[in-house]
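Thank you all for coming. I would like to walk through one model this morning, going from the sheet to the helices and then to the packing of side chains.

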Amino acid sequence: MTRTVETPAHPTRSYERLRPAMRLFYLWTLSRSRHVPSPRGRPTYRADSPDPDTVLLIGTGPTHGFGVTSHEQALTGQIAKETSKSTGRACSVDYIGDEMMNAGSARSWIGDHDLSLYDTVVVMLGLNDAVMLTPLDGWQRDVTTLVTDLTRRVHPTARIVLVGVQPVRSVTRFDNPFGSVADRHAARMNDITERIAAQHPSASYFRLPPGELQPGRPHGCETMYRQWGTVVADRVAPTLDVVRRGETVEHIGRTSVAPVVPERVAAQLEVARLAASVAAPAPVDPVVAQLEAARAAVARLEAEQAVAARSAAAAAPVAVAGPPATPAAAPTPAPVTALGTVPAPPTDTAPPARPRRALPEPTFEWSGAEKLVELASSGGSDTLQDLARRAEKEFGVDVAVVSLLDGKKLYYAVNTELLPVSIPRELTFCDVTVAADAPVIVEDARKDDRFKDNPYLDLNHGYFYAGHPIHSSSGEAIGTFCLHNTRPRKAKSVSSEKLAEFARLAELELQSYETAEGGHDLPTMYETREAAVAAAVSGRAPQAAALAQGVADAAGAVPVAAAAAAAPATPAPTRVGRHAAP
């Protein structure tokens, strides 16, 4: 069978033949980085101000914060603090991403996040793509798609700043011959990124300098992130005054490498130049332009109707039911085109200023999610950690983990030194398990039509998966107990009965986080164990006693049989701690 191979837009270089070896090298470095400190709390830095400037940081590599323990110390907090110094105003920064995010999966990580809330979006991708020698055609496609999507979703006045890949060998774990290969590839990737930025009037490009590491801090330190925060702030701060006034500005001047020394004077001149120039909107396809024009026209009509309503109310204190007295009082609708949308507004009309409002706090659907995620940021509960270790030994897999699916995200309850605290739900095996509400086993994801094109596989190499659903006390599937392995395995290598047993124990632990009647206290393991003992004593199904015994064993408690013998012959309580009776 002949195979047609298309000629790539970017010529292949001889070093790219090392791609399989470079991918294995990247996976090896990740495995050796599991004990390196990194932020595990909420990825945000919020200013104590009702009307701060707002920045969204999207990325991997240096944005992740290796070597420090909080996002305030990492680049998220440093950008906020250094930008505030430059503008004299408060600045809040949100972060989306992780070491396990790449250019191909970035849009999934962003999901339906409200991008219109931000004055500037800073994109710092490419370090892991450079090390894995991601094909340049794929890099160009993914970055182009990402920037186009960002341009359409941000407010018309917002800025997009693309940051080139830093010198790869400046990262300690890549300071070797493999890093030299990655540096060559990163230079070509940066050229592509700069050309993409040049095609979007709202975007700019610059490259990070090498980071300044402190002695004994090879993976990262607050000094390095403060240095980078200053460099980014020098690019972001000059535009924030213009953005705040609601002006669409001309393309920011671009340089290939940002200097380490802040250029305050140049920044002030840049502000003056930006304020004096107004550029045409970024080019979009005709259909999108018409849709945006329709939205703008609807907004204008609503505003006119509101003004007319206020005028009518002032003229007539007594409201009269029914339609307006005269049709002439209503605004005249704009003409409709063949596509059913109104024509575009005049190009000399300035876009409205972005509504000033505080960034929202995250919310959860399941009542126990917030506490579970909080505990996961510091390793997870002892019970879940013990279950994961026992399962890894029992099944001989690389990683066993408990997951929670809440909203558009999956949160890992344990093993977050190996896995992100959260990832987009649509990229996960567990999403299929919860949707089916049944066990799912994937022998080799590369050969499974559901997962073979998943960009997340390029980073975690978790080709084997076995998962069993976990339910809330109301019976809703909310997560999984699952096994991951980098090497493919046969389905028969995992006992479905044993996997279900581990899932039931994890399910009982997760249910102990649920709140009821407005309570938010976390019950102790003793209370959880007592609930299981009560279920066994009450004469329920035999598996309830076995489940209670398993929980007791995991917590080092006395045997359930002894507890049952000592218990008085009274009806089971209707509520123990925060549990409803089973």
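Helices here (H or I, at least four residues) and strands (E, at least two) are DSSP runs, numbered from the N terminus. Helix 2 is followed by Gly 88, whose phi is positive, near 80°. Before going on, please keep in mind that this is a predicted model, in which local features need pLDDT of at least 70 and side-chain atom pairs count only at pLDDT 80 or more, while totals for chains, interfaces and linings use all residues. Residues are numbered from 1 along each chain as its sequence is written, and side-chain values use heavy atoms, with hydrogens and water left out.

Let me stay with helix 2, residues 75-87, which has 13 residues and reaches 18 Å from its first C-alpha to its last, close to the 18 Å expected at 1.5 Å a residue; that expected span is 1.5 Å times one less than the number of residues. In speaking of burial, I call a residue buried under 20% relative accessible area, exposed over 50% and partly exposed in between, with a 1.4 Å probe and protein chains only. The buried residues of helix 2 include Leu 75, Ile 79, Ala 80 and Glu 82. What do the buried residues of helix 2 pack against? They pack against strand 1 (44-45), strand 2 (53-59), strand 3 (91-96), strand 4 (120-124) and helix 7 (222-244), where contact means heavy atoms within 4.5 Å.

Turning to the sheet, six strands form an open arrangement in the order 1-3-2-4-5-6, with mixed pairing; two strands pair if DSSP finds at least two bridges between them. Strand 1 and strand 6 (203-207) stand at the edges with a single partner strand each, so one side of each is left without a neighbour in the sheet. Strand 1 runs antiparallel to strand 3, joined to it by two bridges, and Thr 44 stands opposite Asp 94 in strand 3. Strand 2 and strand 4, by contrast, run parallel and are joined by five bridges, with Val 55 opposite Thr 120 in strand 4. Strand 4 also pairs with strand 5 (residues 159-164) in the parallel sense, over four bridges, and here Val 121 stands opposite Ile 160. Both faces of strand 4 are covered, with Thr 120, Val 122 and Met 124 buried on one side and Val 121 and Val 123 buried on the other.

Next, the nonpolar cores, each a set of buried Ala, Val, Leu, Ile, Met, Phe, Trp, Tyr and Cys residues joined through side-chain atoms within 4.5 Å. The largest has 98 residues, and those with the most contacts inside it are Leu 150, Val 168, Leu 384, Phe 481 and Leu 483. Its largest share, seven residues, comes from helix 6. A second, separate core of 26 residues includes Phe 66, Val 122, Leu 208 and Val 232.

Finally, the structure holds nine aromatic pairs, where rings of Phe, Tyr and Trp (its six-membered ring) pair if their centres lie within 6.5 Å, and planes under 30 degrees apart count as stacked, over 60 as edge-to-face and the rest as tilted. The rings of Phe 25 and Phe 178 have centres 4.4 Å apart and planes at 10°, so the pair is stacked. Phe 25 lies in helix 1 (residues 19-32) and Phe 178 in helix 6 (residues 177-198), so the pair ties together parts that are 153 residues apart in sequence. Phe 25 is buried at 6% relative accessibility, whereas Phe 178 is partly exposed at 36%.
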